[in-house]
Amino acid sequence: MQFIKVMDATELPAGKMALVVAGGKEILLANVDGACYAIANKCTHAGGGLSKGSLNGSVVTCPKHGAQFDVKTGKAVGEAKIAFVKMQVKDTASYLVKVEGNEILIGIPED
């Protein structure tokens, strides 16, 4: 596994999220109560950018159809909705995060 620096820890205050790129992948980085977590930025329902959604605690809501994911695990915790139709959503990829000094690093599996 390769760890790639994506930003300084001071750039991501608690309760905020950011879109970063590591290993050619778009990743949503979120700070939940001082701990950083990373999941794939692309919603598994219709491909919406999760970084454009909203973060409430550890749950990010996709701006397209409201699918929800736990940023700590990548698990889908809320279905997508179009009008009154609910659709199941698959879990999304999650990545290891470590903070070394003031640097946030994301672990990218090597192919």
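Predicted model: local features only at pLDDT ≥ 70, side-chain atom pairs only at ≥ 80, totals over all residues.
Residues are numbered from 1 along each chain as its sequence is written, and side-chain values use heavy atoms, with hydrogens and water left out.

**Whole chain.** Turn on the cartoon view. You'll find 13 strands and zero helices (DSSP runs numbered from the N terminus: E of at least two residues for strands, H or I of at least four for helices). Along its principal axes, the C-alpha trace spans about 45 × 30 × 20 Å.

Now select residues 17-22, strand S2, and residues 25-32, strand S3: they run antiparallel, joined by six bridges. Two strands count as paired if DSSP finds at least two bridges between them. Click Leu19 and look across to its bridge partner in S3, Leu28. Then go to the turn, where two residues sit between the strands and Gly23 takes a positive phi near 60 degrees.

**The cores.** Stay on Leu28, one of the residues with the most contacts inside the largest nonpolar core, which has 15 residues. Such a core is a set of buried Ala, Val, Leu, Ile, Met, Phe, Trp, Tyr and Cys residues joined through side-chain atoms within 4.5 Å. Buried means under 20% relative accessible area, exposed means over 50%, and partly exposed is in between (1.4 Å probe, protein chains only). S3 gives the most to this core, with three residues. A second, separate core has 14 residues, including Val6 and Val20.

Which residues does Leu28 touch, leaving aside neighbours within four places in sequence? Among them are Met17, Tyr37, Ile39, Leu50, Val60 and Val71, with contact meaning heavy atoms within 4.5 Å.

**The cysteines.** Cys62 is buried, with a relative accessible area of 4%. Hop over to Cys36 as well: this one is buried too, at 16%.

**Zoom back out.** Of the chain's 111 residues, 37% count as buried. In soluble globular proteins, nonpolar side chains tend to be buried together.
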